[in-house]
Amino acid sequence: KPGALLRGVIHIDGGREPEKIDGLYLHLNAQVLTDDHQHRVVHLERYPIAYDLEVDAGEHVEVDFEIPIPPDVPMTTGMVRVWIHTSTDTPYVSDPDDDDAIEVAPHPVLDTTIRVLQDLGFRLSQSEFEKPHPQMKSRLPFVQELDFRPQQGRWSLEELEMIVIPRHEAVDFYIEFDRRESWLEEAMDVEWPNRMVH
């Protein structure tokens, strides 16, 4: 979960000769689909785990780790992929990298919001990423936008778009309502502006 601790074990198998690992690191990465239909990799966090490890020939070494998951890590829905990349800082290790995919649940506040919207008759239809507005306090180059559509005839809305930016001390919501035109507005060619609520 965003904001929680992720615990695990790194397994290292020694080769034919003793080896020294100068540094052992974990990297939290995400691959997202942006609003221009491009798959982009976002580097979320880097964690140093251990330094100056000695691994004898044929030895199996286990390194426990506990890392904090940042609150703004995107939830893995739609085309979103999040993984832990393990790397070593040494010139002699034959296979120094490893990738492990993880599933990320919605931030607790976002999870509650999604459940409330579902109770109100909305369903999550799409998730994509876009560059944040300059006024949005985001440390990442992209923010996750969730698009919701109401049940037919339930609301006079075409779509509800929501951007959520969790931080350690607060959660910012940006919600835009795409309003459905009535038959009278269509006949009179009346256009109402969308509403953005923060």
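These questions and answers go through a predicted model and the reasons behind its labels.

Q: How do you know that the span of helix α1 agrees with its number of residues?
A: Helix α1 covers residues 108-119, twelve residues. The expected span is 1.5 Å times one less than that number.

Q: Which residues of α1 are buried, and what makes them line one face?
A: L110, I114 and L117 are buried. Seen down the axis of α1, the buried residues fall within an arc of 65°, so they line one face of the helix.

Q: What covers the buried residues of α1?
A: The cover includes three strands: β7 (122-130), β8 (143-150) and β9 (157-166). A contact here needs heavy atoms within 4.5 Å.

Q: Why is R46 called partly exposed?
A: Buried means under 20% relative accessible area and exposed means over 50%. R46 has 48%, so it falls in between and is partly exposed.

Q: Where is R46, and what is it in contact with?
A: R46 is in strand β3. Leaving aside neighbours within four places in sequence, R46 is in contact with Y25, L26 and H27. R46 and T86 are 40 residues apart in sequence, and their C-alpha atoms are 9.9 Å apart in space.

Q: Why is Y25 called buried?
A: The relative accessible area of Y25 is 10%. The limit for buried is under 20%, so Y25 qualifies.

Q: What makes Y25 and Y51 an aromatic pair, and why is it edge-to-face?
A: The ring centres are 6.1 Å apart, and a pair needs centres within 6.5 Å. The planes are at 80°, and over 60 degrees counts as edge-to-face, so the label holds.

Q: How many aromatic pairs does a search of the whole structure find?
A: The search finds one. The pair links distant parts of the chain, with Y25 in strand β2 and Y51 in strand β3, 26 residues apart.

Q: How do you know that β2 and β5 pair?
A: Pairing needs at least two bridges. β2 and β5 have nine, in the antiparallel sense. Along this pairing, L26 stands opposite T86 in β5.

Q: What makes β5 and β6 a pair?
A: Six bridges join β5 and strand β6 (residues 97-102), in the antiparallel sense. At least two are needed, so they pair. S87 stands opposite D97 in β6. β5 is mostly covered, with seven of its nine residues buried.

Q: Which residues of the largest nonpolar core touch the most other members?
A: The core has 27 residues, and I12 and L28 touch the most other members. β1 (5-13), β2 (19-33), β3 (39-55), β4 (60-68) and β5 (81-89) each supply at least two residues of this core. Not counting residues up to four places away in sequence, I12 touches I21, L24, L53, V55, E59, H60, V61 and V63. Apart from this core lies another, of twelve residues, among them M75, L146, F148 and F173.

Q: Why is E159 called buried?
A: E159 has 10% relative accessibility. Buried means under 20%, so E159 counts as buried. E159 lies in strand β9. Leaving aside neighbours within four places in sequence, E159 is in contact with S125, D147, F148, R149, E176, F177 and D178.

Q: Why is β9 said to be largely enclosed?
A: Nine of its ten residues are buried, so β9 is largely enclosed by the rest of the structure.

Q: How do you know that β9 pairs with β8 and with β10?
A: Four bridges join β8 to β9, antiparallel. Nine bridges join β9 to strand β10 (residues 171-179), also antiparallel. At least two bridges are required, so both pairings count. D147 stands opposite E161 in β9, and M162 stands opposite I175 in β10. A hairpin joins β9 to β10 through four residues.

How values were computed. Residues are numbered from 1 along each chain as its sequence is written. This is a predicted model: local features need pLDDT of at least 70, side-chain atom pairs count only at pLDDT 80 or more; totals for chains, interfaces and linings use all residues. Side-chain values use heavy atoms; hydrogens and water are left out. Buried means under 20% relative accessible area, exposed over 50%, partly exposed in between (1.4 Å probe, protein chains only). The arc is that of the directions from the helix axis to the C-beta atoms. A nonpolar core is a set of buried Ala, Val, Leu, Ile, Met, Phe, Trp, Tyr and Cys residues joined through side-chain atoms within 4.5 Å. Rings of Phe, Tyr and Trp (its six-membered ring) pair if their centres lie within 6.5 Å; planes under 30 degrees apart count as stacked, over 60 as edge-to-face and the rest as tilted.
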